[in-house]
Amino acid sequence: MENTENFNWTYKIKEYFDKKGKIPKAFVQTYGCQGNVADSERIKGMIFDMGYLFCDDVKDADLIIFNTCAVREHAEDRVFGNLGRLKKLKIKNPDLIIAVCGCMVQRESVAKRLKNNFNYVDLIFGTFVTDDLPKLLYQAIETKKTVIDISENNLIPDENVKRIGKFDFKAFVPITYGCDNFCTYCIVPYVRGRLRSVEYQDVLSRVSNLVKNGYKEITLLGQNVNAYGKDLQKENLFSKLLEDINNIDGDFIVRFMTSHPKDLSFHDIETISKLEKVEKHLHLPVQSGSDRILKLMNRKYDSKSYLKLVDYAKSLMPQVTFSSDIIVGFPGETREDFDETLNLIKQVGYSNLYTFIYSKREKTKAAEFHDETDRETKVSRLEEILQLQKQITKKLNENLIGTNQRILIDEKRGENSFAGKTLSNVLVTVNSKEDIFSKFINVKITDANISYVSGEIIKE
C-alpha cells in the first residue's frame with residue numbers, strides 16, 4: 001500500500017527543483033553492515049523518486065547523506081572525520097544539504113554532538129524514521145534549519161519503497177529488524193530496537209517478484225536472521241521461509257546473515273542441508289571460545305553447544321563452510337580465555353573470520369566492566385588470530401583444488417578476469433574472453449591461495 005503522505009512530500013521536493021529548473025544530484029555513503037547497505041538502497045530509491053540523480057563525488061552533490069554505524073568506535077570516528085571535511089563545501093554552497101542517519105545518530109549523545117559541533121549538518125534522522133525522509137528533507141530545505149528526528153517506534157519499514165542497489169541481479173531482503181538478545185557488549189538493541197519480523201507473505205512476495213525480474217542471488221538479512229518469527233511466538237518459521245523461497249520457480253541462490261548460535265537449531269541445519277538453492281555456509285558469530293567470557297557477554301550458549309551445531313552441520317553437509325565474528329580483549333579476558341578461543345577456531349576450521357578489538361559502547365552493560373588488559377596485548381592477540389586464520393583458510397582452499405564448483409559471477413576484476421562465490425561462499429576467480437558477468441558458470445578449481453581460489457570454466 002502506497003504511503004500517501006510520503007508521496008506528497010516527495011512531490012513537493014520534485015516540484016521545488018522543477019521550479020528552479022534544476023536536476024539535483026545526491027551522494028550517499030554507507031558505513032557498516034549489510035543491513036545498513038539495505039537501508040541505503042531504500043534511501044536511494046526514495047531520493048530518486050524526489051528527482052535526484054546520483055554522483056560519485058561529494059563536490060558535485062546537492063545532497064550528501066552519510067548512513068552510519070555505531071557498533072564500533074572506529075566507525076564513528078571515520079564519520080566525524082569525513083563530516084569535518086564537508087564544512088568547506090557547505091561554505092562554498094549554502095544550499096547544499098548534509099544529512100547524517102543510521103545507527104550512530106540514534107544515540108542521543110551523538111545527535112547532540114552533531115547539532116552542537118557540526119552546525120552545518122542540516123538533517124539528522126535515526127533508524128526508526130527512514131520512511132519519513134521525504135518530509136524531513138523538505139523541512140530541512142525549506143526552513144534552512146537543522147532538522148532532527150531520532151524518535152523510536154516498533155514499526156516495520158515500508159516494504160513497498162523503491163530500492164536502488166549496486167546490482168540488478170543481486171538483492172538484499174531484510175526479514176527481521178532489531179534484536180532481543182542484549183549481549184553485554186552490543187549496542188544494536190539500543191539503536192535498532194527490539195526484534196520485529198517482516199510479514200511472511202511480504203517476504204515471499206518480494207523474493208518472488210525479484211526472481212521474476214531476473215535476480216539470481218537473494219540475501220535474507222537481519223540483526224538476528226534466524227530468530228525470524230520468534231517475536232510472533234512461532235517456532236521454525238525461519239526454516240519454513242527457506243523452504244518456501246527454495247520452492248519458488250527460477251534459477252537463483254539464497255544466502256542469509258547474521259545467524260545467532262542460540263537461535264540456530266538442528267532443525268534449521270537439517271532444512272538447509274536439503275534445499276538446493278540455499279547456501280551451504282553459516283556465518284555463526286561465536287565472539288569467544290571461553291565459556292567464562294561467553295557468560296559475561298550474555299551470549300546464552302557455551303562452546304560445547306556451539307561445537308555441536310558445527311559438528312552436526314558438517315555431518316549433513318560435507319561442503320559446508322563457516323565464518324564468524326571474534327571479539328579480542330573483552331573486559332576480563334585472560335590469556336587462558338584467549339587460548340580457548342584459539343582452540344575453538346582450530347576445531348571449527350573457519351573459512352573466514354571478522355576479528356575486532358573490543359570497543360566500549362555507552363548504555364551497554366560491558367561498558368561498566370573493569371578492563372585490565374592493555375592495548376598492546378589486545379593488538380598482539382588479534383594478530384595471533386589473524387595468522388592462525390590465514391593458515392586455516394589456505395588449507396581449506398587447497399582442499400578445493402580439483403573439485404567442480406558452480407558460481408555466480410558478480411565481479412569484473414580486469415580485462416578477461418572475473419570473480420564470484422560458490423554456494424559455500426568461497427571466492428573464485430576465473431578468466432574468460434566472453435562477458436560472463438551476472439551469469440552462473442561451472443568451474444574446475446585449479447589453484448588456491450589465502451583469500452581466494454582460481455578455476456577454469458568447464459565447457460558444456
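1. E411 is partly exposed, because its relative accessibility is 30% and the partly exposed class runs between under 20% (buried) and over 50% (exposed). Keep in mind that this is a predicted model. R413 is also partly exposed, at 40% relative accessibility. The side chains of E411 and R413 form a salt bridge, with 3.1 Å from N to O.

2. In total, the structure holds 27 salt bridges. Side chains of opposite charge can pair when their charged atoms come close.

3. Look next at E76 and R107. Their side chains meet in a salt bridge, at 2.3 Å from N to O. This pair links distant parts of the chain, 31 residues apart. E76 sits in helix α3, residues 73–84. R107 sits in the loop between α5 (103–106) and α6 (108–117).

4. Are E76 and R107 buried or exposed? E76 has a relative accessible area of 6%, so E76 is buried. R107 has a relative accessible area of 11%, so R107 is buried too. The cut-off behind both calls is under 20%.

5. E159 and R163 make a further salt bridge. Their closest N and O atoms are 3.2 Å apart. Both residues are buried.

6. Now a helix. How many of the ten residues of α10 are buried? Seven are, and the helix, residues 237–246, is mostly covered. The buried residues are L237, F238, S239, L241, L242, I245 and N246.

7. What do the buried residues of α10 pack against? Two helices are among the partners: α9 (200–212) and α11 (266–274). Two strands are as well: β10 (217–221) and β11 (253–257).

8. Last, the surface. D291, D302, E336 and E340 form a negative surface patch. One of these residues, E336, lies in helix α14, residues 335–348. E336 counts as exposed because its relative accessibility is 57%, and the cut-off for exposed is over 50%. Contrast this with E76, which is buried at 6%.

Notes: Residues are numbered from 1 along each chain as its sequence is written. This is a predicted model: local features need pLDDT of at least 70, side-chain atom pairs count only at pLDDT 80 or more; totals for chains, interfaces and linings use all residues. Side-chain values use heavy atoms; hydrogens and water are left out. Patches are made of residues with over 30% relative accessible area and no salt bridge: like charges are joined within 9 Å, nonpolar side chains (Val, Leu, Ile, Met, Phe, Trp, Tyr) within 5 Å. Accessible areas come from the Shrake-Rupley method with a 1.4 Å probe; for residues, only the protein chains shown count as cover. A salt bridge is a side-chain nitrogen of Lys or Arg within 4 Å of a carboxyl oxygen of Asp or Glu. Lys and Arg count as positive and Asp and Glu as negative; His and the chain ends are not counted. The place of a charge is taken as NZ of Lys, CZ of Arg, CG of Asp or CD of Glu. Helices (H or I, at least four residues) and strands (E, at least two) are DSSP runs, numbered from the N terminus. Buried means under 20% relative accessible area, exposed over 50%, partly exposed in between (1.4 Å probe, protein chains only). Contact means heavy atoms within 4.5 Å.
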